[in-house]
Amino acid sequence: MKKIFLVAVLSSGLAFGQSKKVVTSDVHWWGYKVAKTESSSHDGTVKVKSGNMIMKGNELVGGDFVLDMTSINATDLSGEYQGKLNGHLKNGDFFEVEKFPNASFKITSVKKNSDKVYNKLVTGNLTVKGKTSPVSFPAKVNYSNGVVSLESNKFSFDRQKFDVAYKSSMKDVFVKDDIDMLVKVTAK
């Protein structure tokens, strides 16, 4: 009986995949004013609070990540201006972190991509401020010695789909709808 139970447990692990816990992460974002240029942008980071990547054999098949929106930080500024922008991003004008302290991303599919560097197309559901919308991005995925790494190419998503809007309609026309992101995570 014990052997049957052990075989069942091992088989279910192979059928559903093996979960690897995120141990390092680097999530970088860019927001733009009307003209989408380097000189009209702000950029920064947000921390991954927790996450898992699901491996089936040597292939990434799923995963989920929780972003700590209270950690959003503009890194292109310093001092008083950095503090003002960080406060602005965290308040009701944009991410409302008191009400929505976390955002999340759940991988729904990982497919082969024709790009030789970014060999996978990762698709998932991004949830920000309680609103969920699908997002896809090209990524390099590597698995070696029990460690999986995922590094995205820079990708964009529409902030308006998540009600991330400068609350004054006149001011919102000065901010582009696209937010660019670059994500690197490692799990073991």
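This is a predicted model: local features need pLDDT of at least 70, side-chain atom pairs count only at pLDDT 80 or more; totals for chains, interfaces and linings use all residues.
Q: What makes β5 and β6 a strand pair?
A: Pairing takes at least two bridges between the strands. Strand β5 (residues 120-128) and strand β6 (residues 131-144) are joined by nine, so they pair, and they run antiparallel. One example of a bridge partner: Lys-120 has Ala-139 in β6.

Q: What lies between β5 and β6 in their hairpin?
A: Two residues. Lys-129 sits in that turn and has a positive phi of about 55°.

Q: How do you know that β6 also pairs with β7?
A: Same test: at least two bridges are needed. Six bridges join β6 to strand β7 (residues 147-152), so this counts as a pair too, again with the strands antiparallel. Across this pair, Lys-140 stands opposite Glu-151 in β7. β6 and β7 form a hairpin with two residues between them, and Asn-145 in the turn has a positive phi of about 50°.

Q: What makes the link between Lys-120 and Glu-59 a polar contact?
A: The N or O atoms have to be within 3.5 Å, with one able to donate a hydrogen and the other to accept it. The side chains of Lys-120 and Glu-59 are joined at 2.9 Å, so the distance passes.

Q: Which residues does Lys-120 touch, leaving aside those up to four places away in sequence?
A: Glu-59 is on the list, along with Val-110, Lys-111, Lys-112, Asn-113, Phe-137, Pro-138, Ala-139 and Val-141.

Q: Why is Gln-18 called partly exposed?
A: Partly exposed is the band between the buried cut-off of 20% and the exposed cut-off of 50%. Gln-18 has a relative accessible area of 45%, so that's where it falls. Gln-18 has its place in strand β1. The C-alpha atoms of Gln-18 and Met-55 are separated by 5.1 Å, though the two residues are 37 apart along the chain.

Q: How many cavities of 30 Å³ or more are there?
A: One. β9 has the largest share, three residues.

Q: What is the make-up of that cavity's lining by class?
A: There are 14 nonpolar residues, one polar and no charged ones.

Q: What about the largest pocket: how much space lies in it, and which residues lie nearest its centre?
A: About 530 Å³ of space lies there. Its lining has 29 residues, with Trp-29, Gly-31, Leu-89, Phe-94 and Val-175 nearest the centre. The elements giving two or more lining residues are β1 (18-33), β2 (41-56), β3 (59-74), α2 (79-90), β5 and β9 (175-187). β9 gives the most, with five residues.

Q: How does the pocket's lining split by class?
A: It has 20 nonpolar, five polar and four charged residues.

Methods: Residues are numbered from 1 along each chain as its sequence is written. Side-chain values use heavy atoms; hydrogens and water are left out. Helices (H or I, at least four residues) and strands (E, at least two) are DSSP runs, numbered from the N terminus. On a 1 Å grid over the protein atoms alone, a cavity is a set of points where a 1.4 Å probe fits but cannot get out, and a pocket is an open set with protein on both sides within 12 Å along at least five of seven lines; lining residues have an atom within 4 Å of a point. Grid points are joined across faces, edges and corners, and a volume is the space filled by probe spheres set on the points. Ala, Val, Leu, Ile, Met, Phe, Trp, Tyr, Cys and Pro count as nonpolar, Asp, Glu, Lys and Arg as charged, and the others, Gly among them, as polar. Contact means heavy atoms within 4.5 Å. Buried means under 20% relative accessible area, exposed over 50%, partly exposed in between (1.4 Å probe, protein chains only).
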